[in-house]
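Here are some friendly notes to read alongside the structure. Keep the 3D view open and find each element as we come to it.

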Amino acid sequence: MATLSRSSGHKHDNHDWESLAYVSHWAEGQDKKEDLRQKPFRVLAETIPFDKGLPIKILDVGAGYGALTQFLLGYFPNATAICQDGSQEMMKMGHQRMASYEGRFKYVQSDFGKSGWSQELARPFEAVVSSIAIHNVRDPKVMEDIYREILPLLKNGGCFLNFDRPRPPFEEQLSWLRQVGYVDVKCFWKDETRGVFGGFKRE
Ligand SMILES: C[S@@+](CC[C@H](N)C(=O)[O-])C[C@H]1O[C@@H](n2cnc3c(N)ncnc32)[C@H](O)[C@@H]1O
């Protein structure tokens, strides 16, 4: 697909998710740090307001090779997941890495920086989640639009939970979520560089 949308940014943020070499290098570095994500992944899983045994549907936005999806499919043994991502290379890697979950996940390619990115997704979802992905668009207005587009994808009683960087600061992102219409919005976990935050849909 064409280059994923993003506004011009800092040098250290110049990702090239279309490149096999870049994605392989990123995954190699991330593998060494995967242990550090188990705590926030667990907090996120425990915040999803459905019993572990239920056949819930999960959408992972910017799923990459599926680290969070794999955690959630393990935690909710009857769940299924849609892994949304814009990078063919990440999707290929995800198919390999999640081979043991075959039949319980499907990749859908779209650019979440462009309005309408969720059009082809079969809704509703009990949980929409994301990990270290949405900040990539950098433009606060676009991030807010992504949060707005996610709300109607949720089943009543469902949740959107984002594990991401405080860019912009969490308080600002929480206020967007409230304005858009999520309820019980808060930060559920954070350290110096990342946090798990989100809200619920109640009509
Ligand atoms: C830092 S990786 C995180 C991947 C995965 N969620 C994880 O935590 O391991 C960011 C992911 O977001 C995807 N991504 C970045 N910008 C995107 C966009 N505009 N639309 C769709 N996917 C995007 C990249 O392809 C990449 O897979």
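1. Let us begin with one term: contact means heavy atoms within 4.5 Å. Please also remember that this is a predicted model.

2. With that cut-off in hand, look at helix H5 (residues 140-150) and helix H6 (residues 170-180). On the H5 side, the residues that meet H6 are Pro 140, Met 143, Glu 144, Tyr 147 and Arg 148. Their counterparts in H6 are Gln 173, Trp 176, Leu 177, Gln 179 and Val 180.

3. For H5 and H6, the angle is about 45° and the axes lie 9 Å apart. Angles under 35 degrees count as roughly parallel and 65 to 115 as roughly perpendicular, so H5 and H6 are oblique to each other. The crossing of H5 past H6 is right-handed.

4. Now turn to the sheet. In what order do its strands lie? The 7 strands follow the order E3-E2-E1-E4-E5-E7-E6, in an open sheet with mixed pairing. Strand E3 (105-109) and E6 are the edge strands, each pairing on one side only. On average, neighbouring strands are turned by 15° against each other, direction ignored.

5. Two helices deserve a look against this sheet. Helix H4 (residues 88-97) packs on the sheet and touches E2 and E3, with its direction at about 175° to that of E3. H5 also packs on the sheet, where it touches E1, E4, E5 and E7, and its direction makes about 150° with that of E5.

6. Next, follow two pairings inside the sheet. Strand E1 (residues 57-61) and strand E2 (residues 80-85) run parallel and are joined by 5 bridges; Leu 59 has Ile 82 in E2 as its bridge partner. Strand E4 (residues 125-131) also pairs with E5 in the parallel sense, over 6 bridges. Here Phe 125 faces Leu 154 in E5, and Ala 127 faces Cys 159 in E5.

7. Finally, which parts are covered? In E1, 4 of the 5 residues are buried, and in strand E5 (residues 154-164), 8 of the 11 are buried. Helix H2 (residues 38-47) has buried residues too: Pro 40, Phe 41, Val 43, Leu 44, Ala 45 and Thr 47. These buried residues of H2 pack against helix H3 (67-75), E4, E5, strand E6 (183-190) and strand E7 (195-200).

Definitions and conventions:
Residues are numbered from 1 along each chain as its sequence is written. This is a predicted model: local features need pLDDT of at least 70, side-chain atom pairs count only at pLDDT 80 or more; totals for chains, interfaces and linings use all residues. Side-chain values use heavy atoms; hydrogens and water are left out. Axes are lines fitted to C-alpha atoms, for helices over the stretch in contact, and angles run from 0 to 180 degrees between N-to-C directions. Angles under 35 degrees count as roughly parallel, over 145 as roughly antiparallel, 65 to 115 as roughly perpendicular and the rest as oblique. A crossing is left-handed if the near helix is turned anticlockwise from the far one by less than a right angle, and right-handed if clockwise. Buried means under 20% relative accessible area, exposed over 50%, partly exposed in between (1.4 Å probe, protein chains only). Two strands pair if DSSP finds at least two bridges between them.
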